[in-house]
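Me: I want to learn how to read a few features of a model. Show me the structure, then take me through them.

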Amino acid sequence: MIQTHRDIFFDRRSVKEYDPAFKLTQDELSELINKANQAPSAWNLQHWKYLVIHSDEAKAALLPIAFHQQQIADSSATVVILADREAHKQAEPVFSRDIAEGRMTEEIKALLTKQIDSAYAKAEYRFESGVLNASLAAMQLMNAATLAGLGTCPIGGFKRTELIRQFNIEERYLPLMLITIGRTRQEPRATARLSVKETATFL
């Protein structure tokens, strides 16, 4: 994958026009997802899954669900970010691996598991935690792509019910957003941003 030095915070734009001839390989997409997986998450439960729409057939199925936005067809791939509303089920495999590799004791595992079980007894927490933590992975994915010289665009406008049905998404997962990834064909315009003075309160 091409690596370039960019200021991801100021260079990143939401790209709407992609080069349809540019194709990322599955290995290259996996590299980006591996970087996204390094995002932080509550109790390290990693509240995300990715549905990578890469083939022409999958793109054709997604296109009407995403209101026929041309970037779905022209980008190299669209990654559906899925928020895990049952991330507490990740505790056993994640913590057991940490114990096996000497990063956690059984006592700490028991303490954290008790905290998790208490939090996930609340339905609203399951939803809020899934959305919050999966959003961190989504931004991490876009930053990784920007550093690789690629364009991205997060999309919230799509038919969630149809997406779930078309791609047989488990009830456990909430489709949070779509992220198109590819080579930028037309640089998007710069946009006005509110200043620190307008957005931050220091106490």
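Reply: Start with accessibility. Buried means under 20% relative accessible area, exposed over 50%, and partly exposed in between (1.4 Å probe, protein chains only). This is a predicted model, where local features need pLDDT of at least 70, side-chain atom pairs count only at pLDDT 80 or more, and totals for chains, interfaces and linings use all residues. Residues are numbered from 1 along each chain as its sequence is written, and side-chain values use heavy atoms, without hydrogens and water.

Me: Which class does V131 fall in?

Reply: V131 has 22% relative accessibility, so it counts as partly exposed. V131 sits in helix α7. Helices are DSSP runs (H or I, at least four residues), as are strands (E, at least two), numbered from the N terminus.

Me: What does V131 contact, leaving aside neighbours within four places in sequence?

Reply: Contact means heavy atoms within 4.5 Å. By that test V131 touches A83, L174 and L176, with neighbours within four places in sequence left aside. A83 and V131 are 48 residues apart in sequence, yet their C-alpha atoms are 5.5 Å apart.

Me: At what angle do α2 and α7 pack?

Reply: Axes are lines fitted to C-alpha atoms, for helices over the stretch in contact; angles run from 0 to 180 degrees between N-to-C directions. Helix α2 (residues 26–36) packs against helix α7 (residues 123–147) at about 130°, with axes 8 Å apart. Under 35 degrees is roughly parallel, over 145 roughly antiparallel, 65 to 115 roughly perpendicular, and the rest oblique. α2 and α7 are therefore oblique.

Me: Which residues meet there?

Reply: From α2, L32, I33, K35 and A36; from α7, A137, Q140, L141, A144 and A145.
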